[in-house]
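Please open the model in your viewer and keep the sequence at hand. The tour moves from one selection to the next, with a note on what is found at each stop.

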Amino acid sequence: QVQLVESGGGLVQAGDSLRLSCAASGRTFSSSAMGWFRQAPGKERGFVASISWSGRSTRYADSVKGRFTISRDGAKNTVYLQINGLKPEDTAVYYCAQYDSRYYLGKPDYWGQGTQVTVSS
């Protein structure tokens, strides 16, 4: 059984940085691709970033390239999302997700409960 628990969100000012963490339970983390998604108020949940099982491949939404960095730590069963230069439009609930595959193909199979990030101008 997979359980994903996000942390690290909060209320920050524009220009600040945050690091979101997602702790994964279960034995499949090391062989699974992981991803981050976000849902802003009044909008559908959308893709932010993903990382392959080995960490050697990553993909980002165009809107976050250069500011967001996804990484993973196999020893801690944790995936991170480093966010720099936060903007008010980054305000959203951020969700961690796990794929039932080594690469981020199709839609994720498991979701966390989300962590709120609010950016004030």
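Begin by selecting Asp90 and Arg38, both of which are buried in this predicted model. The two residues form a salt bridge, with their closest N and O atoms 3.0 Å apart. This pair links distant parts of the chain, since Asp90 lies in the loop between E8 and E9 whereas Arg38 belongs to strand E4, 52 residues apart.

Arg67 sits in the loop between strand E6 (58-60) and E7, 23 residues apart from Asp90. With a relative accessibility of 14%, Arg67 counts as buried, and Asp90 does so at 1%. Taken together, Arg38, Arg67 and Asp90 are linked in a network of salt bridges.

Lys65 is exposed at a relative accessible area of 52%, and Asp62 is exposed at 64%.

Next, display the strands of the open sheet, which run in the order E1-E3-E8-E7 with antiparallel pairing. Strands E1 (3-7) and E7 (68-73) are at the edges with a single partner strand each, so one side of each has no neighbour in the sheet. E7 pairs with strand E8 (residues 78-83) over six bridges, and Thr69 stands opposite Gln82 in E8.

Finally, select Trp36, Phe68, Ile70, Val79, Leu81 and Tyr94, which touch the most other members of the largest nonpolar core, a set of 28 residues. E3 gives the most to this core, with four residues.

Technical notes. Residues are numbered from 1 along each chain as its sequence is written. This is a predicted model: local features need pLDDT of at least 70, side-chain atom pairs count only at pLDDT 80 or more; totals for chains, interfaces and linings use all residues. Side-chain values use heavy atoms; hydrogens and water are left out. Two strands pair if DSSP finds at least two bridges between them. Helices (H or I, at least four residues) and strands (E, at least two) are DSSP runs, numbered from the N terminus. A nonpolar core is a set of buried Ala, Val, Leu, Ile, Met, Phe, Trp, Tyr and Cys residues joined through side-chain atoms within 4.5 Å. Buried means under 20% relative accessible area, exposed over 50%, partly exposed in between (1.4 Å probe, protein chains only). A salt bridge is a side-chain nitrogen of Lys or Arg within 4 Å of a carboxyl oxygen of Asp or Glu.
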